[in-house]
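Me: I am new to this structure and would like to go through it piece by piece. Please show it, and then take my questions in turn.

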Amino acid sequence: MVRTRRIWVTAAAVLALAGGVSGTTAHAQQVLAATESGGKLPPGWRIDDGRSAPELVWRSGRQVPMGDARVEFRSDGRLLGVPKPERDGHTFRLGLEAARTGDLKDLQVWSGGRRLDTSSPVTTSPTPAARPPAPLPADPVDPGKPGRYRTTTGSYQLKSVRLPGFSVPVEMSAVVVAPTGISGPRPLALFLHGRHATCYTPHGDDGEAAGAWPCPIGSIAVPSDRGYLRDQRLLASQGYVTVSIAANGINGQDWQAEDGGAQARSSLIRLHLAQWADWARHPQRAPRIVREAPRADLSRVLLIGHSRGGEGVNRAALDSLYPPPADQDGYHGAVRWHISGTVLIGPTVFGQNPVPDVPSLTVLPGCDGDVSDLQGEVYVDGTRAVSAGKALHSAVFVIGANHNFFNTEWTPGQAQAPAEDDFYDDGDHPDPVCGKHAATRLTADQQHRAGSTYIAAAARLFVAGDDKVRPLLDGSGRRAPSADPARVLSHAVGANRGAGFLPDGGVTVTGGRLCAAVDPAPAKACLGQGAEGVSPHFAQWETGREAGRHAVALRWTATGARTRVAVARPVSLHGSEALALRLFVPPNSRGTKLDVSVTDTHGRQATLGRVGIDGLPGSDRTASYWAREVRVPLTAARRAGVDLRSVKSLDLTSRSASGQAWLMDAWGWRPGTPAVRAAALPRVDIGRLTVDEGDSGVRTYRVPVRVSGQGSGRVRVYVVDPATGEAGDRLVTVRPGGHDIDVPIEVKGNTRYGTDVPYDVLVKAVHGAVVGSYRGGLTVRNDDPAPTVTVTPLADRVTEGEALKWRISLSEAADTDIATLFVPVPVSGPELSTKDVDPQWLAGTSGAEPDPERPLSKVDGLYLWLDVPAGKTSLDVTIPTVKDQVRESAETVSFQQTDDSDRPLPGGLVLTGTVLDAS
């Protein structure tokens, strides 16, 4: 079986390439070259044959539950790609197409900001138990109280649908909970669960859940759509018609979708909404439970999504305002509904392109063990300056909540299928914040009650328009008693926040540091080295270095240290009541105090007040560097005669002896929730073109880009070089129908064998635009046959102490490394043993020791990865033997070529050698 790497293709992209890494699923960076000098992958890793290229394989010692965060392979800190999971829950495979030369270094497996291939570091000294913060004052409005309506529950199942890119149809089924005893149309709340196991075997052992679709015979579907019945009943009691839709068919296939299934989930949501629109017009055609429910008012729709379901509802809201390309979409009808808002629970945000003009609430679980980097914060931060900024985008941080327990069907003791706590905890070294018995950890019922309460709060604000509930969501520092004892903190952007100080918007910082949210250089990165845990604000995207994402880092060692943030253009705080700042300090820290001052363009300055900030409970396994919202009134500025129409700088002055802090932004603030109208914006979608390499000449292809909608806007485009993994970026102004994003790729044809090469292009909205399909590019497909591999013995009968030697030859040179994997097989007669070969060779090839003595065919992990470099036609491989004092007969060793499953290939190539006694 031939294995390959590297094809020669050149890119003439319009963007100059700068530092970064690739995020492609099929773009592995490097392959281990195990020649006669030997090469060794870390434990748990191997390289297998693939259909078109070798595969890098990692097998986990413990089952990796099917979750929402993507599993990622990294090498030397750089993203290799997103591997395909096997059904066993332990094995992950990544195709090594277009691999760069050199060895794989420091291989790691990550998921949602958490490393999977190593145990959590054991703290040498005891970590103090975390303390929950004091309860916030209660808000007069408590949306967690049940309403006055009784409820009814039922379900429907329609014909399955086919979605683009998925080979198996996806189910159209849902559970409905609706109010009774009520007349007239009622708002609709639609729930979409996240990525979880799709099927399970009843009465089986724990762990008998899998991600297949359709479910194999003997197993049944995991009812993830029934996991929000408590939330549905609360909303239904308050007058909402609710529906929770199933998406197991997407979960079982989304590994093959470039966007992780976001577009497919959007299509499924809108297909259900279209059915509800039909049923509203023709109730006699509706399923029984829908006929028994009040008519749904499709002008008032709330979408609630958990995990990848959160990214799905964000995309559905986007697609409802700005239609996607027809060939990428599973819904092709009219939009007969209005999305009033979204609730995103522990969401993924692979695209990092939130819809700016639909209000949103993002729930961040402080003990999330799945999407553990809390990347959903981007649904708040990523909307700043993209559009008019009138939509409220809120994040609530739920201390002690994990990922799974918002869904009862993912909760042990409540679920029908096997379920677990996603925050894995070492019983010998429990996490001080998220361990099962930590004072800050919530029980499953406490967590779910808090989730229900804040879903209802969003419904009351976004759909019912009740501004009295806003202080629970917008950083005003109020709590909903129904969520007790959970500690829920909030901050927000948008709504009645006016102009402000945004580190991404061209500011000058003195006495502090304008830092990069994502940068491999510790001196530039906001957190850098030494941070325990991570920040949701700095969640990494698909590039190792990202432009346009900044914060202001403060560090001081004395009282009175001042950091000034000056804007290029004066900002107006006129009409605002207060200045709202989003600041965070290190987890578990106490007593940070800062004076806040502003200066106008005339030099008049006023100290607005003093703010105090405590760190969130955190550990090295949590994402607790999260901003608290603090406000200072503008009264002092008016009294001092500061021209609030023309403010040029913001000062933060330390009033504690030492400390650190990070400023995310500061805004003019006043109460209220303004009406939101979606702006007419251009939409960008990147496609992927696959072309044959050709036999000769140079052809230029362009990455397909579609710009639709209205107006013009700016996006940032990244182009990834497959030879280096580095990404360059450029700001581009786009217009509907234009060709502003122009990425030409030159492909040189030849008749030598190579691998497929993907050129990846990524795009992110900056201002006045939205992005749907955020990644695409060009894949250059090899169209030449692989060379024939032969084996020639050079020294296959030697005396002990000499080296066995063979030559691997190719019928012609290739434009990629050609590798063949051999494993030892038993022989008839005496076999070469672990004490007959050089112990350093044995250790370097397999990691094994000579003792106890055993035949080479019995050594676990012993294989020969024989790699003929690109442009070469042969490779010599040796096995050094050792001379001993034992009289023995001739001994033989045989290595046989393997098939795709690493089993000896019948009729394949064989390396056979015999070693004679020297005495």
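Me: Which backbone nitrogen does the side chain of Asn-750 reach?
Reply: Asn-750 sits in the loop between strand E39 (744–748) and E40, where helices (H or I, at least four residues) and strands (E, at least two) are DSSP runs numbered from the N terminus. This is a predicted model, in which local features need pLDDT of at least 70 and side-chain atom pairs count only at pLDDT 80 or more, while totals for chains, interfaces and linings use all residues. Residues are numbered from 1 along each chain as its sequence is written, and side-chain values use heavy atoms, with hydrogens and water left out. At 3.1 Å, the nitrogen reached by the side chain of Asn-750 is that of Arg-752.

Me: With which side chain does the side chain of Asn-750 make a polar contact?
Reply: A polar contact is a pair of N or O atoms within 3.5 Å; within protein, one must be able to donate a hydrogen and the other to accept it, and residues adjacent in sequence count only if both atoms are side-chain atoms. Contact in general means heavy atoms within 4.5 Å, and leaving aside neighbours within four places in sequence, Asn-750 has such contacts with residues including Glu-693, Asp-784 and Asp-815. The polar partner, at 2.5 Å, is the side chain of Asp-815.

Me: Is Asn-750 buried or exposed?
Reply: Buried means under 20% relative accessible area, exposed over 50%, and partly exposed in between (1.4 Å probe, protein chains only). The relative accessible area of Asn-750 is 16%, so Asn-750 is buried.

Me: Which side chain makes a polar contact with the side chain of Thr-779?
Reply: Thr-779 belongs to strand E42 and is buried, with a relative accessible area of 16%. Leaving aside neighbours within four places in sequence, Thr-779 is in contact with residues including Leu-689, Val-757 and Pro-758. The polar contact, of 3.2 Å, is with the side chain of Arg-688.

Me: Which strands are the edge strands of the five-strand sheet?
Reply: This open sheet has mixed pairing and the order E34-E42-E40-E37-E38; two strands pair if DSSP finds at least two bridges between them. An edge strand here pairs on one side only, and this holds for strand E34 (688–692) and E38.

Me: Which residue of E42 is the bridge partner of Val-761?
Reply: Strand E40 (residues 757–767) and strand E42 (residues 775–781) run antiparallel and are joined by six bridges. The partner of Val-761 in E42 is Gly-776.

Me: Which residue in the hairpin of E37 and E38 takes a positive phi?
Reply: Strand E37 (residues 713–720) pairs with strand E38 (residues 727–734) over eight bridges in the antiparallel sense, and Arg-714 stands opposite Thr-733 in E38. Six residues lie between the strands of this hairpin, and the one with a positive phi, near 80 degrees, is Gly-725.

Me: Why is one side of E10 and of E21 left without a neighbour in the sheet?
Reply: The open sheet of nine strands has the order E10-E11-E16-E12-E17-E18-E19-E20-E21, with mixed pairing. Strand E10 (151–161) and strand E21 (488–493) stand at the edges, so one side of each has no neighbour in the sheet, as each has a single partner strand.

Me: Which residue of E18 stands opposite Gly-305?
Reply: Strand E17 (residues 296–306) and strand E18 (residues 339–345) run parallel and are joined by six bridges. In E18, the residue opposite Gly-305 is Leu-344.

Me: With which side chain does Asp-421 make a polar contact of 3.1 Å?
Reply: Asp-421 lies in the loop between strand E20 (393–398) and helix H7 (444–463), and is buried, with a relative accessible area of 15%. The contact of 3.1 Å is with the side chain of Arg-441.
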